[in-house]
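Please keep the sequence and the three-dimensional view at hand while reading.

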Amino acid sequence: MTQYTNQSVRVRFAPSPTGELHLGGARTALFNWLFARSHNGTFLLRIEDTDKVRSKQNFVDQICESLNWMNCDWDEKLVYQSKRNDIYKKSIQKLLTSDNAYRCFCDKEELARIRGEREKAGLGYTYPGTCRSLTQNNIKVKLENNTLNVIRIKIPKGETKFSDSIYGEITVQNNELDDFIVARTDGSPTYNFTAVVDDNDMGITHIIRGEDHISNTPKQIILYNALGYGLPQFVHLPMILGPDKKRLSKRHGATGVQAFRDQGFLSSALVNYLALLGWNPGTEQELFRLEELIGEFSLERVLKKGAVFDIQKLEWVNQQTILKMKNEDILNSIHSINMLWGDSRYLDYLLSVIELMKPRCKTIIELMDSSDYFFDDPQEYDSKTMRKRWKTNEVNELIIYFMEVLKNIVTWTQENIEIELRKLSDIKELSPAKFIHPVRLAVSGAGAGPSLFHMMEVLGKDVCIRRLEKAVEILPIDHD
RNA sequence: GGCCCGUUCGUCUAGGGGUUAGGACGCCGCCCUCUCAAGGCGGUAACACGAGUUCGAUUCUCGUACGGGCUACCA
C-alpha cells in the first residue's frame with residue numbers, strides 16, 4: 001500500500017484551455033482535490049497551454065469559474081506552461097547533451113506517408129530511428145543548411161514498468177514505444193515532456209489523471225529517468241462514459257460543468273454524483289456533503305471500470321440535495337442563475353414559495369418554471385384538467401358559493417380555508433374534491449401542485465378571489 | 001493491426017471460494033392523499049463465455065468473446 005505519511009501530498013489538475021471544463025475533467029479535478037484535502041495536502045492548478053493555436057484565455061477563466069463553483073479551490077498560483085519556455089529549453093538541451101535525445105531532420109510528410117502505408121498494410125508504426133545515429137558532422141551540415149528538425153527522445157532498450165495505485169503493475173516493452181518528439185521544429189516542447197518537467201518542478205507526489213493517460217506513462221517514466229528525476233506515484237482514474245460506453249464527449253450533448261449549473265443543478269449535487277462515479281465509500285451512503293466526502297474519500301476504493309454517466313441519477317441526487325437545503329440557500333442558488341427571480345416580492349413570500357415547491361422539482365430551473373403562478377395570474381388553464389374538472393356551468397355555481405365563503409374568512413390561514421371548503425362540500429353534499437380541483441385550476445392554472453390550502457394561504461386572499469372571479473368568467477371553455 | 005486496460009441487474013455499485021448475490025437510480029404495483037411530488041412498503045432485473053484449480057467457483061488461473069484507451073510536430 002502506498003505510504004502517504006512521509007511526504008506531504010501535492011497533486012495537480014492540469015487542464016488544457018481548449019474548451020470549457022467538462023464532466024470528465026471535473027471528476028479528475030474533484031478526485032485530486034478530495035485526495036489533497038483528505039491528506040492535508042496541496043492542490044494545484046496547471047494550465048497546459050502549449051498548443052498556442054487552440055488555447056484560449058477565456059477557457060482558462062471558464063475552467064477556474066467552474067472549479068470555484070464546485071468549491072474545488074486550489075492552492076498557490078496558477079502555473080501556465082506558456083510562461084515556462086526557458087525552463088523547457090534548458091531541459092531539452094540537457095537531454096541532448098546527455099545523449100538521451102537527438103535531432104531528427106526527417107521530412108514530416110515523408111514520415112506521414114510511410115506511416116500511412118504501414119497502417120494500410122495492417123502493420124504497426126514507430127519512427128524508424130533514421131536520425132538516431134547521425135554523425136556530429138552530419139548534424140552540423142544540416143543545421144548550417146537550416147534544415148528543419150525536431151528533437152526526439154531516445155527510447156532505451158528493455159521494458160518499463162510501474163505500479164499504478166488503481167490498476168496495479170503495468171509493464172510495457174520499450175520497443176513498442178516510439179522515439180517520440182519532445183520539441184517541435186519551432187523549438188516548442190510537447191505534452192509528454194512538459195508534463196514531466198512541470199510535475200517534477202512542482203513537486204507533485206501523486207499524478208491523478210484519466211485512464212487515457214496510462215499509455216503515456218511509460219513514455220513519461222523514460223523522460224523522468226533521462227532527466228534524473230525521482231518518480232511520483234501514478235494514479236489513473238477510470239473514464240466517464242456516455243450511454244454508448246464511449247468516453248463522454250460533446251457528442252453526448254451538453255457535458256460542460258457550466259451547462260449543468262445553467263440547467264439548475266446544484267454544485268453540491270453534481271459533486272456528490274461525480275464522486276460516486278468510479279468510487280464508493282464501502283457503505284450504503286450515497287448522499288454526501290462536501291466535508292463528508294473529504295472524510296470518506298480514499299483512492300483504495302476507486303474502481304477500474306469506466307462508469308456510464310446517468311442523468312436520471314444525477315437528477316435524483318439533485319432533488320435530494322434541494323430537499324435537504326435550507327430555503328434561504330435554495331434562494332441564493334436561484335439568484336445565482338437568475339438575479340431577478342421574485343424580485344418584486346418580500347423575502348418571506350419567496351421562502352414560502354420555495355418551501356412549497358421544493359419537493360416537487362428535480363432542478364432549481366424546474367422550481368422557477370413551475371412557480372410562475374405565485375407571481376402572475378395564470379394566463380391559461382391546463383386543458384386536460386379543464387376538461388376533467390371544469391366541464392359545465394355547474395362548477396361555476398359551486399365556485400361562486402365558495403368565493404362568498406372565502407370573502408368572509410377573517411384570518412386567512414390554510415386551516416380556515418380548508419374548514420370552510422369542507423363545510424361547504426358537506427352542505428352541498430358533494431365530495432371536497434369537487435371543489436378542490438376546480439379551485440386549484442382557477443388559482444394556479446395547473447392540474448397539479450402543492451396542497452391547495454397551503455398554496456392559497458401563501459397567495460393571499462385578494463389574489464385567490466381575483467383569480468377565482470376571472471376563472472368563473474371564462475370557464476368552461478368549449479372544446480370540440 | 002499492435003500495445004495497454006476492463007467485464008456483477010438497463011445504469012451506478014456492494015460482495016467475494018459455500019450468500020435466498022445486498023443497496024441505489026429507473027421502471028411497475030400498493031399505501032399515504034385534495035392533485036402532483038416527497039415519504040413508506042413491495043416487485044422487476046445481474047455474476048460475458050469456455051477450460052483449469054478445488055469437495056465446491058460469480059469470486060483464483062488461463063484462454064475466448066465483447067467493450068474501451070493509446071498508437072500526432074493535440075493535450
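## Terms and basis

Contact means heavy atoms within 4.5 Å. Helices (H or I, at least four residues) and strands (E, at least two) are DSSP runs, numbered from the N terminus. Axes are lines fitted to C-alpha atoms, for helices over the stretch in contact, and angles run from 0 to 180 degrees between N-to-C directions.

This is a predicted model, in which local features need pLDDT of at least 70 and side-chain atom pairs count only at pLDDT 80 or more, while totals for chains, interfaces and linings use all residues. Residues are numbered from 1 along each chain as its sequence is written, chains are lettered from A and ligands numbered from 1 in the order in which they are written, and side-chain values use heavy atoms, with hydrogens and water left out.

## A three-stranded sheet

An open sheet is formed by 3 strands in the order β4-β5-β8, with antiparallel pairing; two strands pair if DSSP finds at least two bridges between them. Because β4 (101–104) and β8 (181–183) stand at the edges with a single partner strand each, one side of each has no neighbour in the sheet. From one strand to the next, the twist averages 45°.

Strand β5 (residues 150–153) pairs with β8 over 2 bridges in the antiparallel sense, and Ile 151 stands opposite Ala 183 of β8. Helix α3 (residues 85–97) lies across β4, β5 and β8 and runs at about 95° to β4.

## Two crossing helices

The axes of helix α16 (residues 393–407) and α18 come within 10 Å and cross at roughly 85°. That angle makes α16 roughly perpendicular to α18, a label for angles of 65 to 115 degrees. Val 395, Leu 398, Ile 399 and Phe 402 of α16 make the contact with Phe 435, Pro 438 and Val 439 of α18.

## The surface near RNA strand B

RNA strand B is surrounded by 62 residues, the closest being Arg 184, Lys 246, Asn 280, Glu 286 and Pro 359; a residue is near the strand if one of its heavy atoms lies within 4 Å of it. Sugar and phosphate account for 76% of the atoms of RNA strand B that come within 4 Å of the protein. Helix α11 supplies the largest share of this surface, 6 residues.

Individual atom pairs can also be located. A polar backbone atom of Tyr 191 is 3.1 Å from a phosphate oxygen of RNA strand B, and a backbone N or O atom of Leu 452 lies 3.3 Å from a base nitrogen of RNA strand B.

Key. A polar contact is a pair of N or O atoms within 3.5 Å; within protein, one must be able to donate a hydrogen and the other to accept it, and residues adjacent in sequence count only if both atoms are side-chain atoms. Angles under 35 degrees count as roughly parallel, over 145 as roughly antiparallel, 65 to 115 as roughly perpendicular and the rest as oblique.
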